[in-house]
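Dear colleague,

Please find below the structure that I am handing over to you.

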Amino acid sequence: MNKYLVTLRINGQLIKSVVSANSAVHARLLCQYQFGMGCVHVAPTQLSSEGDDYPLLDDLKPLTSTTIKLRPPKPPKTATIKPAKPPTPEQMRVTQLKANVDRQKEALKQERERQKRQREAEQARRGQGGY
């Protein structure tokens with residue numbers, strides 16, 4: 001572990017602190033984790049001698065307003081199936097009539113297609129046999 005001198009901006013004031021970390025990037029991440037993003041004012045520099053006149057990072061108090069507060073996760077919404085009331089006889093009759101209309105429209109469409117194919121086949125037979 002190496003000691004790094006880090007200048008932090010906390011409550012608008014610049015504070016120099018010593019951080020024990022493996023690298024300068026690790027020192028920056030430790031400071032950002034404890035005091036929030038953007039708190040590092042000057043990049044961490046490795047100290048060659050003991051930095052006794054600077055407070056250690058552990059001695060500084062993090063701000064409660066800039067730290068991330070975890071919220072408990074919301075419980076998942078359960079999918080509930082609401083029972084449907086049985087339709088009244090009048091509603092059933094309307095539903096059946098609508099279904100009959102749809103079936104009749106489809107049957108009419110199919111009959112028209114059948115008759116069209118039949119006419120085309122008849123025209124094709126007349127065209128081949130007439131020459």
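Strand S1 (residues 2-10) pairs with S2 in the antiparallel sense, over nine bridges. Asparagine 2 stands opposite alanine 21 of S2. Here strands are DSSP runs (E, at least two residues) numbered from the N terminus, and two strands count as paired if DSSP finds at least two bridges between them.

Please note that this is a predicted model, in which local features need pLDDT of at least 70 and side-chain atom pairs count only at pLDDT 80 or more, while totals for chains, interfaces and linings use all residues. Residues are numbered from 1 along each chain as its sequence is written, and side-chain values use heavy atoms, with hydrogens and water left out.

The sheet as a whole is open and has three strands in the order S2-S1-S3, with antiparallel pairing. Strand S2 (13-21) and strand S3 (40-46) each have a single partner strand and stand at the edges, so one side of each lacks a neighbour in the sheet. From one strand to the next, the twist averages 20° (axes are lines fitted to C-alpha atoms, and angles run from 0 to 180 degrees between N-to-C directions).

As to the cysteines, a search of the whole structure finds zero disulfides, a disulfide being a pair of cysteine sulfur atoms within 2.5 Å. For cysteine 31, the nearest cysteine sulfur is that of cysteine 39, 5.7 Å away. Cysteine 31 is buried, at 0% relative accessibility, and cysteine 39 is buried as well, with a relative accessible area of 4%. Buried means under 20% relative accessible area, exposed over 50%, and partly exposed in between (1.4 Å probe, protein chains only).

With kind regards

Terms used. Helix = DSSP H or I, 4+ residues; strand = E, 2+ residues; numbered from the N terminus.
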